[in-house]
Amino acid sequence: MKKFYITTAIAYPNSRPHLGHALEITQADAAARFYKLSGKDVFLQTGTDEHGLKNWQTAKKAGKDIMGFLDENVSVFRDLFARLKISYDNFLRTSDKEIHYPAAQELWNKLVKSGDIYKRKYSGLYCTGCEAFKTEKELENGRCPNHSTRKIETVEEENYFFRLSKYRDKVSEIIERDEYKVVPQSRKNEILSFLKIAEDISFSRPKATLPWGIPVPGDDKQVMYVWCDALSNYITGVYYGRDNKKFKEFWPADMHMIGKDILRFHAAFWPAMLISAGIPLPKRLFVHGFILSEGTKMSKSTGNVIEPFEQIEKYGPDAFRYCLLQSMPMDGDGEYSEKSVKERINTELVANIGNFCYRVLSFLASRYDSKFSKIDDDKKIISEILDIAGAIKLDYDSLNFRNAIQNILRISSIGNKYFQDNEPWKLINADREKTEKVIGTCINIVKILTITLKPMMPDFSAGMESQLGLKDLRWKDINFELKKHKIGKPAIIFHKCEESIAVSAKEFPLNIKAARIDSVKEHPNAEKLYVLDVDIGKEKRQIVAGLREHYSAEELKGKKIVVVCNLKHAKLRGIESQGMLLAGDDGKSIGLLTTKAIPGTAVLPDGLTGNEKEISFDDFMNIQIIIKDRKPYADGMLLKAGKEEVLAERVKDGARVR
RNA sequence: AGCGGGGUAGGGCAGCCAGGAGUGCCCGGAGGGCUCAUAACCCUCAGGUCGGUGGUUCAAAUCCACUCCCCGCUACCA
């Protein structure tokens, strides 16, 4: 079987990888994983472009040997790819003398043979300090900014050129007809207009000005310029010039993936070179935009640089991949911000997808001993979901990850609604068999989610496969054929990303006071709730508390507790609650926080001042207070009511206060 | 200035190429339901003269012309 061959642009490793590198390789990896799932024999190549003056100078400046410098930087890229779970099959370094050099030289020779390489004089502005050509833009007052005492000279040098102009019509035609398909359309238009005026391109440099490159065959005074050196990686990595039979298994490439800044080289130079060398053209060029932060390009001066390593560390590879893929529109630039990352994790991954998977699996595990032997043959749901899965396939095939995500979320929303509408937690008392069918269908939906998310979030899907007790799910397993099955052990995969309210050095965000319960009534409308009147010193408050399963009215009356007073008031089943009493919850028992302090005493960490500002329930939930040795700690700081201690009843260490 | 991208509900987007009731997604707001699930899930409602003007058309967010505003690029760099 011919390989399905995908490439990324090769990175220039003169500094650390940035978000753009992470984006491109993640897109390529997601595509590769998708095609693999669909049964193709995928080969993904990436690598690094290691020649050129910039690498040479950066190494020199750092006082390092060029290969040592490159090895170091390249290993950082490889490390990033590993952390990103990139499933590449080949990593090609253009500094590879064994494989890459001879093959690139072979390509050069082919171009010479076709009569498309010729010598021509080139003249430019040369800085003797840098020993390099400068563009007019780079100069300040006609001088090199790094060597302002030296003169800029106009230097002529003789270089080899490639006859791009000869091929512009031919390349235009091929792109026009989509034989080499450039997407999106706007990039295709752009390159077609460039091809009308494309001129021959400089193809080499004298060794004296570019000391670090691949030697031009038959001319030891010249080295290849980047085109033949770097673009050729796409063929040299897959046996070009080494093993023609094997080369044909890979080539032509099914997809090159690049950024919009290098469109010309891939949609004009590269196909022209291939035609000249008599090599078939790749099939598709996918061009993505840049990834921006806060609406502008990331730069150190703006201070909006986002480090890929840090993002993976904070959010994990799955969520990072998911957000990267979602950030990029099909045309134009994308936007990445941590605020939206957190939002997406909490709402899409946790509340929508993750919650559906977990509620279904845990229901089956606890009520049916993890087994089912029938499914609900709800034609409407089934066909609706299979239709969406079909759309997702098209989304992936066109690399529209954003649409794919949107459609996947639709599936889990349908699942959540289906679960909700059937109310299995109630239905199970009336019709145990029907309930089992409903859950069986839900398991199939979970399976479909697992498969459709596999290209984007490999860890999640691997985790779900093991929870489902299924192995090696493929795209063809998207169906409702799982009718009798025993699942594995359910577990939560995505965890809520807490927006930690900065507990500032001076102000504690909560206004907590010691209080005494004056009276206890049962909530007329809710079986778990009490309505309490509490004394918080200068005023009295009415508080609704869900304690009826844990405390009797007698136990509560007169008890001295602590209450959050600046929480936004809320109606609970029709009765207003003007605060919240604090209790520890260790998963088994609920135990009140108590204190001997007189009502009204502020409860604070040492040294911090109080805060009257009203706080929303969500913000409150994001403040972690944990019990240790019966005492409450907020962000590691002990909470006390003046001089008196605050102690939690009944609960173990690690209990969360709420 | 040139080139490119954009202006659609309070925020972020899709829809535009192949015109057909402002349709859709995520967040946020208001109200309700539910308790299996990670305070999660479900439902309802509010909110828009689709940047503006003019044209083509039976019909325009969508096509054409003009115009206003925002942003990016303008390096022999992958």
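**Note on a predicted model: cysteines, cores and helices**

1. The sulfur of cysteine 442 lies 10 Å from the closest cysteine sulfur, that of cysteine 357, which is too far for a bond. A disulfide is a covalent bond between the sulfur atoms of two cysteines; here the term is applied to a pair of cysteine sulfur atoms within 2.5 Å. A search of the whole structure finds 0 disulfides. Cysteine 442 is buried, at 0% relative accessibility, and cysteine 357 is buried at 2%. Buried means under 20% relative accessible area, exposed means over 50%, and partly exposed lies in between, with a 1.4 Å probe and protein chains only.

2. This is a predicted model, in which local features need pLDDT of at least 70 and side-chain atom pairs count only at pLDDT 80 or more, while totals for chains, interfaces and linings use all residues. Residues are numbered from 1 along each chain as its sequence is written, chains are lettered from A and ligands numbered from 1 in the order in which they are written, and side-chain values use heavy atoms, with hydrogens and water left out.

3. Chain A has 658 residues, of which 53% count as buried. The chain contains 19 helices and 32 strands; helices (H or I, at least four residues) and strands (E, at least two) are DSSP runs numbered from the N terminus. Its accessible surface is about 30300 Å², and 48% of this belongs to carbon and sulfur atoms; such areas come from the Shrake-Rupley method with a 1.4 Å probe, and for residues only the protein chains shown count as cover.

4. How many residues does the largest nonpolar core have? This core has 96 residues, and those with the most contacts inside it are Ile6, Tyr336, Val360, Tyr396, Ile443 and Met456. A nonpolar core is a set of buried Ala, Val, Leu, Ile, Met, Phe, Trp, Tyr and Cys residues joined through side-chain atoms within 4.5 Å. Helix H12 (residues 338–368) supplies the largest share of this core, 12 residues. At least three residues of the core come from each of domain 1 (4–288) and domain 2 (324–486), the bounds being taken from an automatic or database domain assignment. Another core, of 60 residues, lies apart from it and includes Phe43, Ala198, Trp270 and Ile279.

5. Methionine 456 is in contact (heavy atoms within 4.5 Å) with Arg321, Leu325, Tyr396, Ala404, Ile405 and Ile408, if neighbours within four places in sequence are left aside.

6. In helix H17 (residues 458–468), the buried residues are Pro458, Phe460, Ser461, Met464, Glu465, Gln467 and Leu468. Among the elements that cover them are helix H1 (19–37), helix H11 (308–327), H12, helix H16 (432–453) and strand S17 (485–486). Glycine 469 follows H17 and has a positive phi, near 75 degrees.

7. Is aspartate 395 buried or exposed? Aspartate 395, which lies in helix H13 (residues 379–397), is buried, with a relative accessible area of 9%. Not counting residues up to four places away in sequence, aspartate 395 touches Asn400, Asn403, Ala404 and Asn407.

8. An open sheet of 3 strands has the order S9-S11-S10, with antiparallel pairing. Strand S9 (204–206) and strand S10 (215–216) stand at the edges with a single partner strand each, so one side of each is left without a neighbour in the sheet. S10 and strand S11 (residues 219–224) pair over 2 bridges; two strands pair if DSSP finds at least two bridges between them. Proline 215 has valine 223 of S11 as its bridge partner.
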